[in-house]
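Colleague: I'd like to learn how to read a sheet and the helix beside it. Could you walk me through one?

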Amino acid sequence: MLIGILSDTHNQRRRTESAVRLLQDEGAEALIHCGDLTDPDIVTICSALQCYFVLGNNDLRSAELIQAAIEKAQGSINLGWGGEVTLAGKRIGITHGHIPREYRRLRASNPDYLFTGHTHIPSDRIEGATRDINPGALHRASQYTVMIGNLADDQFRLLRVPE
């Protein structure tokens with residue numbers, strides 16, 4: 001199963017549309033948004049595919065609107081400040097990364113992957129049995145990036161999103 005991972009879209013509608021198209025063109029079957037949507041319209045854009053969302057620190061002001069948009073969008077799942085899903089037999093923890101307690105809670109469950117955002121800097125590292133991945137950001141970043149990952153063979157690639 002191919003999944004697309006994005007984060008920190010910060011109301012960048014056109015850039016998010018480009019990122020989702022890029023991930024679809026790469027074969028993504030589902031999307032994971034690691035928070036800081038800041039606008040319910042981002043939910044609609046990402047819901048072109050089945051999408052799992054978490055909230056970020058910049059979603060506080062519009063959290064109710066974003067959560068309502070997620071409930072309305074078919075195939076979209078709201079994980080609040082963080083949660084775990086199983087896709088293709090892999091356990092995936094997802095949180096924005098700004099709440100240390102939430103990060104520690106997810107890490108303690110030893111998922112196969114732990115996806116975060118918040119830093120606006122892409123990273124991919126292994127800590128113990130868990131692979132930590134941050135896809136970067138679509139706002140306030142030196143390069144706008146997302147990731148595509150194959151859960152069957154554990155291959156992930158960073159993709160640059162055109163401005």
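Modeller: Gladly! Two strands count as paired if DSSP finds at least two bridges between them. In this predicted model, β6 and β7 pair in the parallel sense over three bridges. Across that pairing, I94 stands opposite F115 in β7.

Colleague: In what order do the five strands of the open sheet run?

Modeller: The order is β5-β6-β7-β9-β8, with mixed pairing. β5 and β8 are the edge strands, each pairing on one side only. From one strand to the next, the twist averages 20 degrees.

Colleague: And how does α4 sit against the sheet?

Modeller: Helix α4 packs on it, touching β5, β6, β7, β8 and β9, and the helix direction makes about 30 degrees with that of β5.

Colleague: How should I read the faces of a helix?

Modeller: Start with the general idea: an α-helix has 3.6 residues a turn, so residues three or four places apart point the same way. Now the case here: in α4, which spans residues 100–108, E102, L106 and R107 are buried. They cover an arc of only 130 degrees around the axis, which puts them on the same side of α4. R101, R104 and A108, on the other side, are exposed.

Colleague: What follows α4?

Modeller: N110 does, with a positive phi near 50 degrees.

Terms used
Residues numbered from 1 in each chain as written. Predicted model: local features only at pLDDT ≥ 70, side-chain atom pairs only at ≥ 80, totals over all residues. Heavy atoms only, no water. Buried < 20%, exposed > 50% of the residue type's maximum accessible area, 1.4 Å probe, protein only. Helix = DSSP H or I, 4+ residues; strand = E, 2+ residues; numbered from the N terminus. Arc of directions from axis to C-beta. Axes fitted to C-alpha atoms, helices over the stretch in contact; angles between N-to-C directions. Contact = heavy atoms within 4.5 Å.
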